Amino acid sequence: MQFIIISYPFYTLNIHYHTLANGIRLVHKHTPHTQIAHCGFVLDIGSRDESVLQQGIAHFWEHMAFKGTEKRNSFYILNRLEAVGGELNAYTTKEKICFYASFLDKHFDKAFELLTDITFNSIFPENQIDRERKVILEEMSMYEDAYDERLQDEFEEVIFENHSLGKNILGIRETVKKFKKKDFDAFVAENLDTHKIVFSSVGNIDFKIILKWAEKYLSLIPEKTTDKKRLAFSNFLPKIIQKQYAISQSYCAMGRTSYHIKDKKRSIFALLTNILGGYGLNSRLNLALREKHGYVYNVEAYYQPLQDTGLFGISFATDEQQLQKSIKLVYKELEKLREKPLGTLQMHQAKEQIMGQIAMSEENNQGFMLMMGKSVLDEEKIDSLADIFNVLESFTAQQLQDVAQEMLQEKDFSILIYKAH
């Protein structure tokens, strides 16, 4: 098999990158001093690629990949790695499907072959579809009782109204109940593009060995392209929606569309979001709502960049009597960031905090493997820590305030509230 070699400045990361003749890309980080390896296929296919009648089929495909291939039944798929202490898993997002595994590195060959089989050779047996349909319907019922998760999904529907980005990844009962083998075959045929698939791996394995296995397992996969284009989202309109439920707390989500994955302001907005309500207990929202007033157990701000847009949100739960007070406190913190630039020490500490968080996240090899696959698909590159830190260090307090004034205006926010009664 011929290998098309594409060179990127990954050497400081000890990362190797190649594109195979059929378009599938390989990215591998050689990580010494560990016996645990991680690898997976990341596909640029997600729930946003579904038609109205296909809602939920991407997630259903994720389930069905473990239910049978041309040479394995579900038992042998599940037992292949579990029997040697490994783990096989998958996930579906708005824009990605991933099949991945973690295992002792001596089983890398076995994991690579298995993941190739379930990714490209699933046969979607009808009896397994009927069985797994019940599992997914139960998953939906569990989700409907989890009001925090339900709020988030419904909030995305409010933000991305009448667009596939706003549809629940699980789908709806009406469509999930109707899917047949032909529907899965059609969805895969419509969306699978070998040029939009990355095999990502991390472990103490020489990349030359990865290449040999890639030739062995991926050479028979034919090149496939699709002209299908994703419908961009562009008609966001702020709105306020309140619903009442028999719940003990009230839930609130607020936010708006934001910068897409390649926008130059993406990184500084990520810094701003971290200051406002990131992982640190010293985030401004946590200090204001929890530490100072005791209104919430948890409050967070998050930013998710997507291919052509992005999502910024703030969410929390609180006693009904404290709901409006909490919302006012959120608005007050937004106003501070809009109206008052950070001081030199505050700006320095904010940068140090997010740089430390990013550096620690690299210690999670499984997470890093998944990040590499997604980054190659979305940006066709993987930035080194030095590159990321240089960008963060370059930001000024004025730039941060400018982005806050652009993105943190309450008049531009949609709000979804579940009120307790």
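How many bridges join strand β5 (residues 87-92) to β6? In this predicted model the number is 6, and the two strands run antiparallel. Helices (H or I, at least four residues) and strands (E, at least two) are DSSP runs, numbered from the N terminus, and two strands pair if DSSP finds at least two bridges between them. Residues are numbered from 1 along each chain as its sequence is written. Because the model is predicted, local features need pLDDT of at least 70 and side-chain atom pairs count only at pLDDT 80 or more, while totals for chains, interfaces and linings use all residues; side-chain values use heavy atoms, with hydrogens and water left out.

A hairpin of 4 residues connects β5 to β6, and Glu-87 stands opposite Ser-102 in β6. Strand β6 (residues 97-104) also pairs with strand β4 (residues 36-43), in the antiparallel sense and over 8 bridges. There, Phe-41 has Phe-99 of β6 as its bridge partner. Of the 8 residues in β6, 7 are buried, so the strand is mostly covered (buried means under 20% relative accessible area, with a 1.4 Å probe and protein chains only).

Strand β10 pairs with β11 (residues 310-318) in the antiparallel sense over 8 bridges, and Gln-304 has Leu-311 in β11 as its bridge partner.

Angles run from 0 to 180 degrees between N-to-C directions, and axes are lines fitted to C-alpha atoms, for helices over the stretch in contact. Contact means heavy atoms within 4.5 Å.

The axes of α10 (residues 284-292) and helix α11 (residues 323-339) come within 10 Å and cross at roughly 150°. The two helices are therefore roughly antiparallel to each other, a term for angles over 145 degrees. The crossing is right-handed, meaning that the near helix is turned clockwise from the far one by less than a right angle. On the α10 side the contact involves Arg-284, Leu-285, Ala-288 and Leu-289, which meet Ser-326, Leu-329, Val-330, Glu-333, Lys-336 and Leu-337 in α11. By class, this contact has 6 nonpolar, 1 polar and 3 charged residues. Here Ala, Val, Leu, Ile, Met, Phe, Trp, Tyr, Cys and Pro count as nonpolar, Asp, Glu, Lys and Arg as charged, and the others, Gly among them, as polar.

Note on methods: Angles under 35 degrees count as roughly parallel, over 145 as roughly antiparallel, 65 to 115 as roughly perpendicular and the rest as oblique. Buried means under 20% relative accessible area, exposed over 50%, partly exposed in between (1.4 Å probe, protein chains only).
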